[in-house]
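Here is a briefing for a reader new to this structure. Please look over the sequence and the model before reading on.

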Amino acid sequence: MVTIHFFENNTIVLSQLLKHIPSVDEDIKIKGRKGKVLSVKNIEENIVHVHVIFEQVIKNQPISKDTKKKKR
């Protein structure tokens, strides 16, 4: 078992105790967000740092309100 710390921009996103260490360019899903592994560093015998980049979520812009007066 290995302790894996997942980082995004030097911020810890998740720490897990896993049997499988992710490899570079592997697709990964953390907290419902899709991402890709950039690098894997073995810090100690049982501690690994994994740097991840997440896909940007595109939010839909609300449709602008009609400013016209409604006829009755």
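Predicted model: local features only at pLDDT ≥ 70, side-chain atom pairs only at ≥ 80, totals over all residues.

Residues are numbered from 1 along each chain as its sequence is written, and side-chain values use heavy atoms, with hydrogens and water left out. Five strands make an open sheet with mixed pairing.

**The sheet**

- The strand order is β2-β1-β5-β4-β3. Helices (H or I, at least four residues) and strands (E, at least two) are DSSP runs, numbered from the N terminus.
- The edges are β2 (11-18) and β3 (27-30), and each pairs on one side only. Two strands pair if DSSP finds at least two bridges between them.
- On average, neighbouring strands of this sheet are turned by 40° against each other, direction ignored. The axes are lines fitted to C-alpha atoms, for helices over the stretch in contact, and angles run from 0 to 180 degrees between N-to-C directions.

**Strand pairings**

- β1 and β2 run antiparallel and are joined by seven bridges. F6 stands opposite L14 in β2.
- Two residues lie between β1 and β2 in their hairpin. N9, in the turn, has a positive phi of about 55°.
- β1 and β5 run parallel, with five bridges joining them. T3 has I47 in β5 as its bridge partner.
- β4 (residues 33-42) and β5 (residues 47-54) run antiparallel, with seven bridges between them. In β5, H51 stands opposite S39, and V48 stands opposite N42.
- β4 and β5 also form a hairpin, with four residues between them.

**The nonpolar core**

- The largest nonpolar core has eleven residues: V2, I4, F6, V13, I28, I30, V37, V48, V50, V52 and F54. Such a core is a set of buried Ala, Val, Leu, Ile, Met, Phe, Trp, Tyr and Cys residues joined through side-chain atoms within 4.5 Å. Buried means under 20% relative accessible area, exposed over 50%, and partly exposed in between (1.4 Å probe, protein chains only).
- At least two residues of this core come from each of β1, β3 and β5. β5 gives the largest share, four residues.
- Side chains alternate along β5. V48, V50, V52 and F54 point to one face and are buried.
- V37 is in contact (heavy atoms within 4.5 Å) with P22, S23, V24, D25, E26, I28, V50 and H51, not counting residues up to four places away in sequence.

**A closer look at H5**

- H5 sits in strand β1 (residues 2-8).
- H5 counts as buried because its relative accessibility is 18%.
- Leaving aside neighbours within four places in sequence, H5 touches L14, S15, I47, V48, H49 and V50.

**A charged pair**

- Side chains of opposite charge can pair when their charged atoms come close.
- How many salt bridges does a search of the whole structure find? The search finds one. A salt bridge is a side-chain nitrogen of Lys or Arg within 4 Å of a carboxyl oxygen of Asp or Glu.
- R33 forms a salt bridge with E8, and their closest N and O atoms are 3.6 Å apart. The pair links distant parts of the chain, with R33 in β4 and E8 in β1, 25 residues apart.
- R33 has 37% relative accessibility, so R33 counts as partly exposed.
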